[in-house]
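Hello,

Here is the structure I said I would pass on.

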Amino acid sequence: MSVSRTLSLANKHQLWIISKVSRLASTNSWWSKVEMGPPDAILGVTEAFKRDTNPKKINLGVGAYRTDEGKPFVLESVKKAEQLIASENLDKEYAPISGIPEFCQANAKLAFGDDSRVIKDQLFATTQGISGTGSLRIGAAFLAKFFPGNKVIYLPNPSWGNHTPIMKHAGLDVKSYRYYDSKTCGFDFNGAKEDIEKIPENSIILFHACAHNPTGVDPRPEQWKELSSIVKNRKLFVFMDMAYQGFASGNIDDDAFAVRKFIDDKHNLMLAQSYAKNMGLYGERVGACTVVCQDKDEVERVMSQIKILIRPMYSNPPIHGARIAAKILNQQDLRSIWLKEVKQMADRIITMRQQLVDNLKKNGSKKNWQHITDQIGMFCFTGLNQQQSERLIKDFSVYLTKDGRISMAGVTSKNNAYLANAIHEVTK
Amino acid sequence: MGLFNNIATDPPIEVFHLTELFHQDANPSKVNLTIGVYQDENGKTLTLPVIRSVEQQMAQDLTLTKMYLKGTGLDAFCTACLKLVLGEQSPAIVENRACSIQTLSGTGAIRIGLDFLYRNGFRTAYVSAPTWGNHESVLQTVGFEVRKYRYWNKERLCLDIDGFIADLEAAPEKSVILLHACAHNPTGCDPTHEQWIRISDTCKSRQLIPFFDLAYQGFSSGDLDQDAWAIRYFAHEAKHELFVAQSFAKNFSLYNERIGHLIGLFESRDIIPKFRTQMATIVRRNYSNPPAHGAHLVATILNNPTLCGEWKNNVRAMYERIHAMRHLFYNKLKQLGTPGTWEHIVQQTGMFAYTGLNPRQCQVLMQQHHIYIMSDGRINICAITPKNADEIAQKFFDVITNVADDPKL
């Protein structure tokens, strides 16, 4: 019903003013002061890449494996497992809060090795987590609530960009220890040792178990041994982040060396695992958080508390990816296929690294590029500075993050030579 | 010496604890009326056939990858969800003032919605007395001060609407009010349309933030649109800015795939990009991005008219069975001459009935009769079947006539 038709002009004007004012007043929404969140730096790289029309463009920001054709890779073992699961008509009822036991058990064996004391004595309090992020989050929340020492976690410098927000948001203070040596593009072992030796006792220290993100720089086995000993002497609590088991060297046992060494040295550590990369299960969000305990009683108490932490987060975990992972780990034929595929992915990356170094030499580069083959895993800290990185983007349509990090997953046998040439041009 | 030697074992969550006791119980006539999971007449929680067929298809489709979803979720899923809740013609959708974020089922939606509110300065929240057990846990974990609004009138076994309104009227401005959109858990007792209008008016005049929990769309009346009436009234007629946390655990029977979403509905479309970036930040530090499987299933079904029609029939069938069981149970109780009034069993809607049994009676029911119900008297109607209704009613009758309230409990 239109009131305005029956009103005089003056009244209509009055109505108009009132409606304007009330519209203004009503835009005093609760949310008018809400700030725009900062854009994600890494996503920004992919977005800029998409807008670029250069046919030679390369996206080296992507943190997901790509085949030599530049395509995402769905593992055959995963597809087979999924088809089996679909035919088994399994239920959709709530999983236990800590995840399905067939996943948790197999996951612990994968990390610690079948013969580990942790497995033999069932000393692991393992819960399924929402991939690596969710597993780190649960672990951090547990530490923030129950850790009897200093609720400060020391991260390597640099570390995965999301570690700090996860830890802070869970309630831990965040500090760092030296890790990457930009002069050698390698491990700053002495710096790390010096810093770790100064960390106050009863603090928390985080290590990347293998394939350090973002640098690709890992300690050597004898360096891990020393670190284990120093950390023991400093009475530090160890949090291991293992997001690339199998994906780094191609061998799941070799990649678990650090975790297993620390266990042997009797660190009752915390471990976050992800199956995003090594099983290509990215979007299914499969991971686990484990607290290695003193005895079965401690396992029970810890598990009861972890479940209480999870309930107000999301109640219980998504089952699909965990069923896939469990099937692969537990069924011999699928497991064999998977181990081959993981090696295949790792080998392709290793081959690309070697090719890149060879191509750089062919371009006549005088620089030392050994770090490219010394580093391991998805990422490579090229040593390029910000200006050089920006030139790579602007002049060559090679997209990387400003810290000179490239994702080797985006390198193929077809774009390798172009990439080498581009890197050479901006660094000569 | 373990680091965590001195941490306590906290008491387990009641519903899971009772379910575990149930599993350990060797008595052949045991019945579990605790956990909120739909069961058919054979006591089975079947996966919907429409889900099975989509899953088979997906498993055979070699073009599908396992790539990460965006932090805010699968767009095809989110768009379909907005329409499901607000209706296709919603002015909020047309004007781009509503945004859906994929979440880890209902719990996850409530959690990140409250995280958003907390980080934007909101501090006080109200929940119904009683409410779903996890509401208070989530609120407390996020950091809210939790208060209650009167809801269930124990004596008259109905909604205490005057107490409800009075408590809202006394609430500080900018309080977040957790409302059950339909099929209230645990009471099954929903406001009428007129009562919703009163609630809406009070929220408006007191400047309260409506936050709807929609876990049972379709279960209350059998009709998805009807069950969204309150949300749509608040959004379209009363023009509130509001939030909705929806779960697809029950109405898609997808409990373990953790699929749900959070709606933020604002006065101006300008808020939407800000909301999205903040939600992306919150998600990133909690779990980076949501699980894909459930989103693909729900999106495929909602966006395909044939599959969607099939799904709606499935929901209707679930509703009808529950409705029939309410009447069956009620009739049996009346036939036995059970003391007290039992009309509330058939007036309540959704999965649950708030029987009115006291904690002592619940305990005896469990220990002597092997019927497991929540200590507040809540039962899952879905677990009643034509086969077990007689026995359950008989045991309720026994307990109600023989067991008085224990003042010690």
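This is a predicted model: local features need pLDDT of at least 70, side-chain atom pairs count only at pLDDT 80 or more; totals for chains, interfaces and linings use all residues.

Residues are numbered from 1 along each chain as its sequence is written, chains are lettered from A and ligands numbered from 1 in the order in which they are written, and side-chain values use heavy atoms, with hydrogens and water left out.

Chain A and chain B

Chain A puts 72 residues into the contact and chain B puts in 75 residues; contact here means heavy atoms within 4.5 Å. The two chains bury about 6,500 Å² between them, and carbon and sulfur atoms give 58% of that. Buried area is the accessible area (1.4 Å probe) that two parts lose on being put together, summed over both.

Four salt bridges are found across this interface, a salt bridge being a side-chain nitrogen of Lys or Arg within 4 Å of a carboxyl oxygen of Asp or Glu. B:E55 and A:K92 form a salt bridge, with their closest N and O atoms 2.5 Å apart.

On the side of chain A that touches chain B, the elements giving two or more residues are helix 3 (76–88), helix 6 (131–146), helix 7 (163–170), helix 12 (296–314) and helix 13 (320–330) of chain A. Helix 12 of chain A gives the most, with 10 residues. Helices (H or I, at least four residues) and strands (E, at least two) are DSSP runs, numbered from the N terminus.

Domains of chain B

Chain B splits into domain 1 (14–47 + 318–402) and domain 2 (68–303), with bounds from an automatic or database domain assignment. Their C-alpha centres lie 28 Å apart. In contact are 19 residues of domain 1 and 20 residues of domain 2. The area buried between these domains is about 1,600 Å², 63% of it on carbon and sulfur atoms. In domain 1, B:Y319, B:T349 and B:Y354 lose the most area to domain 2, together 35% of what that side buries.

Zero salt bridges are found between the two domains, while seven residue pairs are in polar contact (both at pLDDT 80 or more).

Regards

Conventions: A polar contact is a pair of N or O atoms within 3.5 Å; within protein, one must be able to donate a hydrogen and the other to accept it, and residues adjacent in sequence count only if both atoms are side-chain atoms.
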